Each structure stands twice: as C-alpha cells, then as structure tokens.
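Colleague: I would like to learn how to read the packing in this model. Please show me the structure before we start.

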Amino acid sequence: MLYFKKKDIMFTGIQPTGLLTLGNYCGTMYRWRNIQKDYQCFFCIADLHSLTTFKIDNSKYCFSSNILDMVALYLSCGVDPTNSVIFLQSHVYTHSQLYWILSNFVYFGELSRMTQFKKRLLYNNTQINLSLFSYPVLMAADILLYNTNCVSVGLDQKQHIELVKKIALRFNSIYENIFIIPDILIESIGSKIMALQNPKKKMSKSDINVDNTIFLLDKIDVICLKIKQSLTDSDNPPQIVFNPKKKPGISNLLSIFSSLTNTDISILEKRFKFYQYSSFKKILSDVICDTIFKIQQSYIYFRKNEDYLIDILKSGKKTALNYSKNNLKKIFSVLNLV
Ligand code: TYM
C-alpha cells in the first residue's frame, strides 16, 4: 500500500467501455505523467459507470483483458504506480455507498439538465436506465471520497463536475465542511477532439464508424489513413485557419496538432499558411504516429506481464479502500448513521 506525501489530490477516471482514443489522450491522459509531480494522483478505471451502457458477463471480469489493457495504457502514458494509485472502481465499495448518500442531495431537475443525458435520451428514449440518469452522482462519490482538490477531464465532463461542486457545497452548507470543493482542470485546446469524418460531434470510443476515431492501439498505417481521409472543409482555396464554426474539419486537426506539440494554434496557422490540406495532414500524421508509437512500445512492454498489472490493481484497491473508508466514516458520522 502507498503512503502519501503531503500533496494536493488529483482524481480522474476513464470508463472501460472500449479501447482508449486520441480524444481521451488529448482530453486528459497526456498530462498524467507531469501532473504526478505536483499532485497525489488517483487514476480510476470507472467500470461501474460503464454498466450504464454495457453489460458485464464475464465471471473473471475484474482482471479481464480489457481492464488489463487499460492498466497497461495508463502506465504507458506515464502513470507511476509507486507514487500514484491505479484502481478499479468496482473494487472499492465506498463509491457505491457514498453514491447513495449523495443521491439525497441532488435534484431531479438538475440531473435532467445534464447535456450528456439529454443526448442519450434523444438518441434512444426507450432504454434509459436509472443509472444513466444518476451517472454524475456516482462521479460525485468518486471525486469527493478522496478529498480531491482537482479533477482532470475533457470538456464533455465539465457540466458533470460543476454539478459535483454544487452537490458538495449543498452538503457542506447543511453539515460540517466535510467536502473539499474540487477545481476542474480542462485545457483550452484539445479538451474536445471531434470525430474525423464528422467534426461536429465528439470523437468517441463507442462510435460505430471506426474511421471517426483514432484508437491508441490502432496500427500506425491505419492512423495515417484515417487522417488522410478525415473530412476537411470545402473552401477554395483551402486555408489552414482555426475557425471551429465555419471550418470544423481543419480546426479539429489543428487542435490535435496543437495539443500534441504544445504549440499555439496561431503559430501553426502561420507555419502552415501556404500548405495544401494534404501536406498538412501528412505532417500531422507524423506527429500523431510519433506520440502513439511511443505509447504502443511501452504498452507492449507492460502488457506482457499480467501478474504485474494485476498486482497494481490489487494494491490500488487496498490504498483506495483504506483512504476512502476514513472519509466515508466521517460522512456517516455527521449523518448520524453510526
Ligand atoms: P470517458 O471514458 O467517457 O472519458 C474519459 C476522459 O476522456 C475525456 N474525453 C475526451 N476529451 C477530449 N476529446 C474527446 N473526444 C474526448 N472523449 C473523452 C473525457 O472528458 C474524460 O476526461 N465519466 C468519466 C469517467 C469518470 C470520471 C470520474 C472522470 C468516472 N468518474 C471522476 C473524472 C472524475 C468519463 O467521461 O469517462
């Protein structure tokens, strides 16, 4: 089990609903290596959240291939398991318990206004389960259990984290100041990577059109092809300028470039002013492949040693449980549940 130094806490999580994407990377994972210098970090694999849309039917699920892939990818993006905690949400029962308690501090109207929920409702209004509706409350439990000071997420999660803050403030105003109110860490560029064939919607792991998404484990030639075929805008002459409303295709590609190279968009616009889309895409492919190739090399190394990955999850479970149990105890106590 890990012993913590006195540092602020950062919490983040990803659902294991599919293979991780360039969107997940640019939205949050790219900063994981460095953020560990300043924060004590908790990296959660949010499998209970995945239940909202995905049925688990494998009896050996908790160490299944998909989960171990994720642990190996977390490590490949620089998470150091000797300093940070990597754990599976379903291993730590305190999350479900706090979820129920917090459900009493959030209103139907607030959850109904969540954009992600409303989108699901539009897409399929016959099979909406209660857990999809209360999804942000489980996020609140995840975050608030660990005295989290900041949460690293992409833009699509901003509204959920704002609600988490509201729930925490509401609880604090009735009881003691139990919860820390977390800050949201969202980059201005890269926090919403769009689908390659339809840059008006978000790049997603679960997109049925795989050409919309770059997966971190895609073959390098597949990535080049996906970028080459990505939808750009039909202006004449083609111009490499950032304008998400009028030119969503090229703006999305510029965001990816900027995020992966940590270069201002304005500098990229100047650099590529006289380029054709095809030449720009070729250079962008090299940038993406360079990043992803390094992740994949590391992934191959870590993924071979399943025992090591399972040990990381077992140790993460112990630390997360130990840490969160103390906090849950305080919450039970102020509610007179003990
Ligand atoms: P998930 O798996 O949907 O997304 C994981 C993280 O990746 C970010 N992300 C993106 N960022 C930029 N562009 C994209 N196209 C893109 N797609 C995804 C998401 O914003 C997110 O940061 N509900 C969370 C998982 C979770 C969580 C938590 C996060 C559960 N509990 C507590 C933070 C704190 C989610 O969106 O997973």
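Modeller: Of the chain's 338 residues, 51% count as buried, where buried means under 20% relative accessible area, exposed over 50% and partly exposed in between (1.4 Å probe, protein chains only). This is a predicted model, in which local features need pLDDT of at least 70 and side-chain atom pairs count only at pLDDT 80 or more, while totals for chains, interfaces and linings use all residues. Residues are numbered from 1 along each chain as its sequence is written, and side-chain values use heavy atoms, with hydrogens and water left out.

Colleague: How many helices and strands does the chain have?

Modeller: The chain has 15 helices and five strands; helices (H or I, at least four residues) and strands (E, at least two) are DSSP runs, numbered from the N terminus. Its radius of gyration, taken over C-alpha atoms, is 21 Å, close to the 20 Å of the globule rule for 338 residues, so the chain is as compact as a globular protein of that length. The globule rule is 2.2 Å times the number of residues to the power 0.38.

Colleague: How is a pair of packed helices described?

Modeller: By the angle between the two axes and the distance between them. Axes are lines fitted to C-alpha atoms, for helices over the stretch in contact, and angles run from 0 to 180 degrees between N-to-C directions. Helix α4 (residues 65–76) packs on helix α14 (residues 277–303) at about 125°, with the axes 8 Å apart. That angle makes α4 oblique to α14; under 35 degrees counts as roughly parallel, over 145 as roughly antiparallel, 65 to 115 as roughly perpendicular and the rest as oblique.

Colleague: Which residues of α4 and α14 meet?

Modeller: S65, L68, D69, A72, L73, L75 and S76 of α4 meet I295, S298, Y299, F302 and R303 of α14, contact being heavy atoms within 4.5 Å.

Colleague: At what angle do α5 and α15 cross?

Modeller: The axes of α5 (residues 94–103) and α15 (residues 306–334) cross at roughly 25° and come within 10 Å. Helix α5 is therefore roughly parallel to α15. T94, Q97, L98 and I101 of α5 make the contact with S324, K325, L328, I331 and F332 of α15.

Colleague: Is V338 buried or exposed?

Modeller: V338 counts as exposed because its relative accessibility is 75%. V338 lies in the segment after α15. Apart from neighbours within four places in sequence, V338 contacts F332 and S333.
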